[in-house]
Each structure stands twice: as structure tokens, then as C-alpha cells.
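Subject: Structure handover

Hello,

Please find the structure below. My notes on what was found in it follow.

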Amino acid sequence: MTSCLKLEVQTEDQTPHKWCISLAEDEFKRLLSQGNPLVHKVFGEGSLFSPLLFGKFFDPSDAFPLWDFESDSLLSNLRNSGKSSVDWFQTDQAYVLKAELPAGVGKTNNVQIHVEKGKIVEIFGQLKLLQRESQKKDWRSCNWWEYGYVRRLELPEDADWRRIEAYLSIDAVLEIRIPRNLLHSDTSASGVGKNSE
């Protein structure tokens with residue numbers, strides 16, 4: 001079995017105005033047209049951070065309800081062409097996301113996991129080769145795609161965000177496990193806890 005390193009999952013929001021600038025489709029095309037190989041690896045077809053991962057343009061800084069969809073249906077075209085190594089699924093105990101990270105991204109000091117207000121999980125990091133002016137201002141509140149990458153995912157209602165675990169294998173496969181709150185599932189299913197008047 002491949003060895004993994006457990007990543008810290010942050011829950012304190014140090015930068016409340018991050019991702020305030022949306023990545024538009026024309027800006028994304030301009031970014032790719034620059035021909036930077038690292039940018040193509042990070043934002044290219046099949047990458048977890050690609051705005052085109054779900055079949056049409058979707059800003060990765062907008063939260064996506066990943067577990068509302070089956071990975072086979074959303075990623076079928078990319079999988080058939082062998083261009084995606086992203087997968088997600090749910091079990092009775094947890095929601096799971098697995099993604100092979102692009103070369104240059106899958107380093108433990110570069111990938112960060114943050115839970116925003118218990119509702120959104122963010123996977124992000126800064127591209128060391130593209131730092132230019134990012135020291136002057138927090139890169140996440142600027143044109144973040146020039147300095148780094150992000151994927152924001154909505155957490156399901158029964159997700160126990162306080163117990164999220166994230167692992168990164170030596171071959172740059174990220175795995176995020178989000179336990180399900182079994183009490184929430186039980187009360188929702190049985191109607192316990194609802195006003196019965």
C-alpha cells in the first residue's frame with residue numbers, strides 16, 4: 001500500500017475576502033493561451049482544479065455540490081479518454097473524494113484544506129513559480145488563478161465537517177474523507193427532532 005501523509009484541515013478563516021474575484025471563461029482562455037506548462041497541468045482537462053471538469057465552464061472558486069452527482073455520469077467523457085483521475089463517492093459512513101494532483105501541485109507544503117463555516121470544503125494552494133506580486137496582498141483575494149488554484153465543494157447536510165480527514169500519498173493522490181453525521185441521518189429518516197404539531 002502506498003504511504004500517505006495526513007494533512008491538517010483548517011477550520012479558522014484567516015482570509016474572509018478570499019476568492020472574491022471570479023474566474024470568467026474568457027479570462028481562463030487567456031490564461032491557457034499563455035502556454036505555461038504548469039498552468040496547463042493545474043487547470044487543464046481532467047484536473048480537479050479545471051473549470052471544465054464538470055463538462056462546461058464552472059468557476060472553481062464557486063462552491064459545487066459534488067456529492068449530489070454521480071462521478072461516472074459527470075466524468076464519463078474524461079474517463080473514456082483517460083484524461084481524469086478524479087473520483088468521489090459516498091458510503092454509509094463517509095463522503096470521499098480522491099484526485100490525482102497535477103505534477104508540481106501534489107506537495108504536502110503546497111496543498112491546503114479548509115472548511116468554511118462548516119458548509120464548504122476548499123482545496124487550494126499557491127503555485128510557487130507564479131508568485132510575482134502575491135506577497136504585497138493575499139493572493140487569494142486578487143486574480144488568484146495567476147498565483148494558485150482552488151476547488152470549493154459544498155458539504156452535504158449530514159456531513160460531520162469537524163472530523164474531516166485529508167491524506168496525500170507519495171504519488172500525489174489526494175483523499176478527503178468526510179464522515180457522515182449518523183445522528184443527523186437517523187433523525188432525518190425517522191422524523192425525530194421535527195416539530196410534530
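Phe 64 has 8% relative accessibility, so this residue counts as buried; buried means under 20% relative accessible area, exposed over 50%, and partly exposed in between (1.4 Å probe, protein chains only). Phe 58, at 25% relative accessibility, counts as partly exposed.

Before the rest, some notes on the source. This is a predicted model, in which local features need pLDDT of at least 70 and side-chain atom pairs count only at pLDDT 80 or more, while totals for chains, interfaces and linings use all residues. Residues are numbered from 1 along each chain as its sequence is written, and side-chain values use heavy atoms, with hydrogens and water left out.

Aromatic pairs

The whole structure holds eleven aromatic pairs. Phe 58 and Phe 64 form one that is edge-to-face, with 5.2 Å centre to centre and 80° between the planes. Rings of Phe, Tyr and Trp (its six-membered ring) pair if their centres lie within 6.5 Å; planes under 30 degrees apart count as stacked, over 60 as edge-to-face and the rest as tilted. The ring centres of Trp 144 and Trp 145 are 5.3 Å apart and their planes stand at 80°, so this pair is edge-to-face. Both Trp 144 and Trp 145 are buried. Ring pairs also link Trp 144 and Trp 145 with Trp 19, Phe 124 and Trp 139 in a cluster.

The sheet

Five strands form an open sheet in the order S1-S8-S9-S4-S3, with antiparallel pairing. Strands here are DSSP runs (E, at least two residues) and helices likewise (H or I, at least four), numbered from the N terminus; two strands pair if DSSP finds at least two bridges between them. At the edges are S1 (4–7) and S3 (86–90), each pairing on one side only. S3 pairs with S4 (residues 94–100) over five bridges in the antiparallel sense, and Phe 89 stands opposite Val 96 in S4.

Glu 175 lies in S9 (residues 173–179). Contact means heavy atoms within 4.5 Å, and beyond its neighbours within four places in sequence, Glu 175 is in contact with residues including Val 96, Leu 97 and Tyr 167.

The core

The largest nonpolar core has 49 residues, and among those touching the most other members are Phe 43, Leu 97 and Ile 176. Such a core is a set of buried Ala, Val, Leu, Ile, Met, Phe, Trp, Tyr and Cys residues joined through side-chain atoms within 4.5 Å. Helix H2 (residues 37–43) gives the most to this core, with four residues.

Regards
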